Amino acid sequence: MSPVRHSALIYLTLDLVGGTEKAKALLAKLSECGDIVAISSVYKRYLTPERLDLSARMEFVIRFETMMSVDQCLHVVLSGCAEGAPGLLQRSHAELTLLTFDDMILMSPRLTLPYPQLHQDPLIIRCAAEAWGQYEHPIYQKSLSEIARSALPAKQAEFHIQGKSLVDF
């Protein structure tokens, strides 16, 4: 019996300032546990109406294939998260979110799959559709591409860089 490969979508958001190197390091760490088979464009999301880069985040989604279980994958995703502390010596913010794992539907205190914001946040759904447009949402029974076409425009966000510049395919 051959090992089972699982497909997941993982959403990453990091501080824009210094985020590119942090993103490369996180993606390298994830690559030790599986394969990054696709990556969306990287978008800049402004957190204030003034649209300042110092308070902006870079956001993107990867399609990840692994032989890990959902619990193991969640552990790897959570281990990549870091909340920045205020002050001059602040660590950069990094948040990784497991959006999907195969076609699993799960609601537990630790994890909800598919992630509820997947179809509610216009930027997340657009990034997810870029990374794996054919994925069929197990609850809505529509592909991510179909859901993205009907989503509202992403506010306070703009294209930043090509995602493929962060990984070596």
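Predicted model: local features only at pLDDT ≥ 70, side-chain atom pairs only at ≥ 80, totals over all residues.
**Cysteines.** Residues are numbered from 1 along each chain as its sequence is written, and side-chain values use heavy atoms, with hydrogens and water left out. The structure holds zero disulfides. Cys73 is buried at a relative accessible area of 1%, whereas Cys33 is partly exposed at 28%; buried means under 20% relative accessible area, exposed over 50%, and partly exposed in between, with a 1.4 Å probe and protein chains only.

**Helix H2.** I then listed the buried residues of H2 (residues 70-79), which are Val70, Cys73, Leu74, Val76 and Val77. Seen down the axis of H2, these fall within an arc of 160 degrees, so they line one face of the helix; the arc is that of the directions from the helix axis to the C-beta atoms. Their cover includes helix H1 (19-31) and the strands E1 (6-15), E4 (56-66), E5 (94-101) and E7 (112-113). Helices (H or I, at least four residues) and strands (E, at least two) are DSSP runs, numbered from the N terminus.

**His137.** I located His137 in the loop between helix H4 (122-132) and helix H5 (144-149), where His137 is buried, with a relative accessible area of 2%. Leaving aside neighbours within four places in sequence, His137 is in contact (heavy atoms within 4.5 Å) with Pro114, Leu118, His119, Lys142 and Ile147.

**Salt bridges.** I found eleven salt bridges in the structure, each a side-chain nitrogen of Lys or Arg within 4 Å of a carboxyl oxygen of Asp or Glu. One of them joins Asp35 and Arg5 at 2.6 Å, N to O, linking strand E2 (residues 35-39) to the segment before E1, 30 residues apart. Arg5 and Asp35 are also linked with Arg63 and Glu65 in a network of salt bridges. Another pairs Lys44 with Glu158 at 3.8 Å, from strand E3 (residues 42-46) to strand E8 (residues 157-161), 114 residues apart; Lys44 is buried at 10%, and Glu158 is partly exposed at 31%.

**Confidence.** I checked pLDDT, the predictor's confidence in each residue from 0 to 100, and its mean over the protein chain is 89, with 92% of residues at 70 or more. Over residues 85-91 pLDDT stays under 50, and the model has six contacts beyond four places in sequence for them.

Notes:
Disulfide = S-S within 2.5 Å.
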